[in-house]
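Me: I am new to this structure and would like to get to know it. Could we go through it together, one question at a time?

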Amino acid sequence: MRPFRAPKDWLEDLDPGVASRLIAAATDLALVLDADGTIRDVACAGEASFADDWVGRGWLDTVTVESRPKVEALLAAADQPQPAWRQVNHPAPDGGADVPVTYCALRLEGAGRVLAIGRDLRSTAALQQQLVEVQQSLERDYWQLREAEARYRVLFQMAAEPVLVVDARTRRVQDANPAAVRMLGGSRGRLIGQAFPRGFDDEGQHRIERLLEAVTSIGHGDDVEAARERGDAVFRVSASLLRQQGGAVLLVHLAPEPASEPAGTEPAMRLRLAQLVESAPDAVLIIDGDGIILHANRAFLDLAGLTHPDQARHQPLDRWLGRQSVDLEILLANLRRYRSIRLYPTTLRGAHGGSVKVEVSAGTAPNGAQTCYGIFLRHVDTRLGSAGPELPEADHPRSVEQMTELVGQVPLKELVRESTDLIERLCIEAALRLTGDNRASAAELLGLSRQSLYVKMRRYGLMDPDTSSG
Amino acid sequence: MAPARRHRTVTRDRARAEIADSEVETLAQLAIDADGSAAMAYVAAAWERGVGMEVLCLGLLAPAARRLGERWQEDRCSFLQVTLGVGRLQQALFRLAPRFPRPRRGDVGGHRALIAPAVGEQHTFGAQMTAELFRQDGWLTSGGPFRSRTELCATLRRTWFDVVGLSLATQRLLDSVAADIGAIRGASRNPQLVVLIGGRLVERHPGLVAGIGADGTAADARAAPQQARRAVARRGGDTPGRVDAP
């Protein structure tokens, strides 16, 4: 600051009126304050409605709370040869934005009055307000970005398939999600910083490298398949390029190919078991606690002469199994009591009339509140009869054991008839042996007519084709 | 992002590094210099040197911003300079924040905090720093600033928050903030919302702030996350996650 060199020479006769006009013209706002800081007069160059009621009020009273110390400082510095300018804020009468004014206060001689001259900063304030708003808007954007970043971070972590972030220039792994660490083996610490691709077989390595080249140079590339060097995992690899300040990254996605899911995993195992059951050579069924079929495999359908699983579903098992419902009831009773059954002999009736001997094993499969049983049927006799539901013709006499086994399968009447047949046959054979195959003598021995003997021999298959003439 | 190995050796010493007053002064000056990047570089250098996140915020950035405010008070620099200067300090924090060590997931059991300047408050830096401190403490943190009470309430209606922290520096806003608090309690999805007030006004005139309807005041930003945890725990803390002992 440089004051006039010789103010006394020029300004000694300055008229108060002239001085007043001078001050009013030179500044936006001028206040005359008395010694205790009360405003006695106000002059303003432009619009200053905020100063309308100032005369008679203390200067301190006209400014905001935060500005008061500044006003006090201004008043205290009024005697200094070069007092400083201080910015204060006046509250707007209509409650709008504060009015900023920068003042300089000078002591007037006589009675300790002070002249405060002020520059209206409202236009600057408007600009300042805009600046503040821009900054706040940036801040809001920043928070949204942070939240978006947090969201994508969670997604990255949760993704079930491996995703890698690879530096486009160095081809090193920058980031990897938990699925990647899991499926590419090793630990996160080793994977980060590693060169990519790594750990694939030769063909896979080349394919992936070509893919990354293509994506880096032209921005896109077709997916490739690559197999791991160790194990039998195969992945479909895709990549995209993301440019960012100071470089670019490749987002690499590895989708495991279904057939290659490691064999030991739960879902893979269950799938295999299901497939096994479906294609097993023995019949496998699932029935509920009342013997209604819930599921039947192909082998059962073949055995029972059915073409479609729906023909079996919801049907009672004893529609095909056993001579009468006796078999099924025995089966269920035993399952309820002992929870499993082994080698239970019975028969299975085919849809076209035949029946086969089967052996049944069964186990319990808990199904929540509902109990289910798994039935395994193995047919132990391959012959299917074409006549009605009868026992297959016996080629040779049954032993006592075999007869005993039939108890429960076969009604007593049948058993008795069979036993009689058996004894009859044994006697005929014995008679033939005793008579040296002399049929006439054998018949006499047995007390039968020769005709009757021939009939019975034919029935039991004891006739030789060339002796049938006898 | 710093490679893993380097991170390990540096974290050990972070807590011990301190900031000298001369550094605060230097940063304040750099912030209002013509070249804005110098301030950013200075803050980054402090971080590289090993200064911890809390010390960086509360020992370097916050004092530097306050120093600028003081300069304005003394009319040694203009409003424009202060606004730009503090803006640069804020930007430095934005840029460094991704490098701060991530809190272990589930530390605070997924509690959510909304930390923002009071509506109409132009001093936003304090809230930004406090938000970072909450985030470090394990809170899922969202920020502001909010242009109006309506906007603030809309956010609370949309998302569950356990704690709302408002920072206040201007006395003139007291009545308005009291009304804001009433409105957000009504709008919030959480009937047991904890409202805390912090900022310069709390430091200078704690008595004034006591009566505006908040559940507590936090004069010290460093202690605010702990204080918030205790308040949420006292409320029963049925929100998902653990309730930590103080």
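Me: Is Asp75(B) buried, partly exposed or exposed?
Reply: In this predicted model, local features need pLDDT of at least 70, side-chain atom pairs count only at pLDDT 80 or more, and totals for chains, interfaces and linings use all residues. Residues are numbered from 1 along each chain as its sequence is written, chains are lettered from A and ligands numbered from 1 in the order in which they are written, and side-chain values use heavy atoms, with hydrogens and water left out. Buried means under 20% relative accessible area, exposed over 50%, and partly exposed in between, with a 1.4 Å probe and protein chains only. With a relative accessible area of 23%, Asp75(B) is partly exposed.

Me: Which side chain meets Asp75(B) in a salt bridge?
Reply: A salt bridge is a side-chain nitrogen of Lys or Arg within 4 Å of a carboxyl oxygen of Asp or Glu. Here the N to O distance is 3.2 Å, and the pair crosses between chains, from the loop between H4 and helix H5 (79-96) of chain B to helix H3 (residues 68-76) of chain A. Helices (H or I, at least four residues) and strands (E, at least two) are DSSP runs, numbered from the N terminus. The partner of Asp75(B) is Lys70(A).

Me: Does Lys70(A) count as buried or exposed?
Reply: The relative accessibility of Lys70(A) is 2%. That makes Lys70(A) buried.

Me: How many salt bridges are there between chain A and chain B?
Reply: One pair to look for is Asp98(A) with Arg172(B), whose closest N and O atoms are 3.9 Å apart. The count between the two chains is four.

Me: How much area do chain A and chain B bury between them?
Reply: Buried area is the accessible area (1.4 Å probe) that two parts lose on being put together, summed over both. On the chain A side, Glu139(A), Arg140(A) and Trp143(A) supply 25% of what that chain buries against chain B, more than any other three residues. Of the area between the chains, 49% is on carbon and sulfur atoms, and the amount is about 2500 Å².

Me: How far apart in sequence are the parts that Arg222(B) and Glu54(B) tie together?
Reply: These two form a salt bridge, with 3.2 Å between the closest N and O atoms. Arg222(B) is partly exposed at 42%, and Glu54(B) is partly exposed at 32%. Arg222(B) sits in the loop between strand S5 (216-218) and helix H11 (224-234) of chain B, while Glu54(B) is in helix H4 of chain B, so the parts are apart by 168 residues.

Me: Are H4(B) and H6(B) roughly parallel or antiparallel?
Reply: Axes are lines fitted to C-alpha atoms, for helices over the stretch in contact, and angles run from 0 to 180 degrees between N-to-C directions. Helix H4 (residues 53-73) and helix H6 (residues 125-136) of chain B pack at about 175°, with axes 11 Å apart. Angles under 35 degrees count as roughly parallel, over 145 as roughly antiparallel, 65 to 115 as roughly perpendicular and the rest as oblique. H4(B) and H6(B) are therefore roughly antiparallel.

Me: Which residues of H5(B) make the contact with H2(B)?
Reply: Helix H2 (residues 21-31) of chain B and H5(B) come within 8 Å, their axes crossing at roughly 115°, so the two are roughly perpendicular. Contact means heavy atoms within 4.5 Å. H2(B) contributes Leu27(B), Leu30(B) and Ala31(B), and H5(B) contributes Gly85(B), Arg88(B) and Leu89(B).
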